[in-house]
Amino acid sequence: RPGTIGPGSVGPARLRPNCTTRYPIGRPLVNAVILAVLVMLVLAMLRVHVVLSLFVGALVGGLTAGLGISETMVAFQDGLADGAKIALSYALLGAFAMAVAHSGLPQLLANWLIARIETEDESASRKAIRMTTMLVLGGLTVMAIMSQNLIPVHIAFIPLVVPPLLIVMSRLQLDRRAVACAITFGLVTTYMFLPLGFGRVFLHDILYANIKDAGLDVSHVSATQAMGIPALGMIVGLLIAVFVTYRKPRTYRIDTGSDSGEEISGPVEVDRRKVAIALVAVVACFAVQTFLTWTESKADPLLVGALLGLLLFMATRVVTIAEADDVFTGGMRMMALIGLIMITAQGFAAVLKETKQIEPLVKSATSLFAGSKPTAAFVMLLVGLIVTMGIGSSFSTLPIISAIYVPLCLSLGFSPVATVSLIGTAGALGDAGSPASDSTLGPTAGLNADGQHDHMRDSVIPTFLHFNIPLLIAGWIAAMVL
């Protein structure tokens with residue numbers, strides 16, 4: 001159709017192979033990044049598979065930015081390579097989790113929790129159910145917190161701990177959406193608040209370093225002070241999810257392992273030797289991952305730790321050569337979906353960056369309200385949410401927005417503490433609630449081991465509502481009062 005006259009064009013602008021401008025039919029009315037993220041989210045919520053939703057969203061974004069089919073596909077394919085290592089790490093981690101389950105160790109934990117709720121006294125049983133429910137939720141939350149700071153293994157603990165507890169959750173009628181919120185809370189809140197482990201990488205190595213590169217010295221600013229109010233927003237979201245939204249019981253199918261209907265939650269007999277070896281393997285796996293993370297080794301901690309654990313199981317014949325194929329295949333199948341989504345998400349993010357539309361989005365959105373400090377703060381947070389929802393990683397979002405947000409914050413009169421809080425919150429927004437984020441993919445991988453937990457409806461939407469909205473409000477308050 002006729003369009004705006006572009007450089008070197010005569011008459012109506014048309015798509016031409018030698019066209020030098022990125023917008024051959026005029027500047028698009030909708031930013032390519034916004035449109036790509038919206039298409040991806042709408043398709044995913046309409047129950048289109050997340051992988052297909054990411055692919056279609058990337059295609060729409062690339063075409064909207066004028067990349068063309070060929071350039072869009074090249075960018076997408078180049079991005080896929082970045083996710084291959086992650087997918088292999090999670091596949092091996094799934095195999096290691098299956099080997100741990102094969103040893104009978106998870107059976108002991110499940111039996112202990114089930115014994116707590118099985119009693120003939122009705123009043124005592126109700127009390128035991130409440131206590132066990134809080135024990136499960138609290139324990140998983142603490143593990144998620146430790147996985148970011150104290151023992152930085154990220155989501156590696158989920159396939160080891162969560163699948164064996166599913167039968168316990170089903171008997172408790174515990175809403176798994178509350179469990180997803182509890183795990184995601186621990187995965188996100190601690191790295192954006194505590195400067196230890198992954199928190200140190202996020203706060204000091206990325207956030208502070210990029211703000212300093214943009215011309216503002218914030219070395220005297222306390223990270224816990226700057227991110228304290230946003231962290232309180234996350235706590236409020238967790239309390240609402242656990243004690244209000246998903247407080248009521250929810251019925252799940254309790255899988256049976258025989259035609260007679262007898263419930264089977266693990267091996268009938270538990271070999272103490274195998275359990276002891278499994279404990280050693282788990283400790284060794286986490287120790288190696290922690291060491292490689294703290295020493296900032298170039299080797300992938302997940303990959304090396306899972307491989308070491310698997311070799312221990314095979315060397316001690318807890319998993320024999322004859323059983324190895326079934327154990328490996330079953331474990332990799334459990335983590336195959338998360339790996340495939342992460343690979344596709346890397347391609348999606350690569351296309352978004354290739355459009356060169358992230359920086360114009362930030363500049364145009366903030367310039368509209370540059371005269372109003374409260375409005376500009378809200379818009380900056382909202383743009384951060386959109387960008388992170390698309391890229392799927394707050395660690396990747398910060399370098400993109402920091403260079404633009406720092407001069408704007410200085411021109412509007414934000415204090416250094418408020419600037420750190422605003423940019424840190426803008427980067428963290430969207431990590432919880434993004435279909436492509438490992439903060440939602442990890443919980444889904446564990447909670448959907450029996451096929452009763454939907455990624456979008458039971459992980460993405462609950463975490464988006466309960467964390468992004470409170471975090472957006474809390475981040476805005478912090479920018480105004482600090």
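Biologist: Is Phe76 buried or exposed?
Modeller: Phe76 has a relative accessibility of 7%, so it counts as buried. Buried means under 20% relative accessible area, exposed means over 50%, and partly exposed lies in between, with a 1.4 Å probe and protein chains only.

Biologist: What sort of model is this, and which residues count?
Modeller: The model is predicted: local features need pLDDT of at least 70 and side-chain atom pairs count only at pLDDT 80 or more, whereas totals for chains, interfaces and linings use all residues. Residues are numbered from 1 along each chain as its sequence is written, and side-chain values use heavy atoms, with hydrogens and water left out.

Biologist: How many aromatic pairs are there?
Modeller: The count is three aromatic pairs. Phe55 and Phe76 form an edge-to-face pair, because their ring centres are 5.4 Å apart and their planes stand at 80°. This pair links distant parts of the chain, with Phe55 in helix H2 (residues 50-64) and Phe76 in helix H3 (residues 68-103), 21 residues apart. Rings of Phe, Tyr and Trp (its six-membered ring) pair if their centres lie within 6.5 Å; planes under 30 degrees apart are stacked, over 60 edge-to-face, and the rest tilted. Helices (H or I, at least four residues) are DSSP runs, numbered from the N terminus.

Biologist: And Phe55, what is its relative accessibility?
Modeller: Phe55 is at 28%, and therefore counts as partly exposed.

Biologist: What about Phe185 and Phe467, how are those rings arranged?
Modeller: Their centres are 6.3 Å apart and their planes at 35°, so the pair is tilted. Phe185 belongs to helix H7 (residues 176-189) and Phe467 to helix H19 (residues 455-481), 282 residues apart. Phe467 is buried, at 0% relative accessible area.

Biologist: Changing topic: how many salt bridges does the whole structure have?
Modeller: The search finds four salt bridges, each a side-chain nitrogen of Lys or Arg within 4 Å of a carboxyl oxygen of Asp or Glu. One of them joins Asp175 and Arg177 at 2.8 Å, N to O.

Biologist: Which residue does Arg250 bridge to?
Modeller: Arg250 forms a salt bridge with Asp175, with the closest N and O atoms 3.5 Å apart. Asp458 also forms a salt bridge with Arg250, at 3.6 Å between the closest N and O atoms. Through shared partners, Asp175, Arg177, Arg250 and Asp458 are joined into one network.

Biologist: Which ring does Arg176 lie over?
Modeller: Arg176 lies over the face of Tyr252, 4.3 Å from the ring centre. The criterion is NZ of Lys or CZ of Arg within 6 Å of the ring centre and within 35 degrees of the ring normal.

How values were computed
Helix = DSSP H or I, 4+ residues; strand = E, 2+ residues; numbered from the N terminus.
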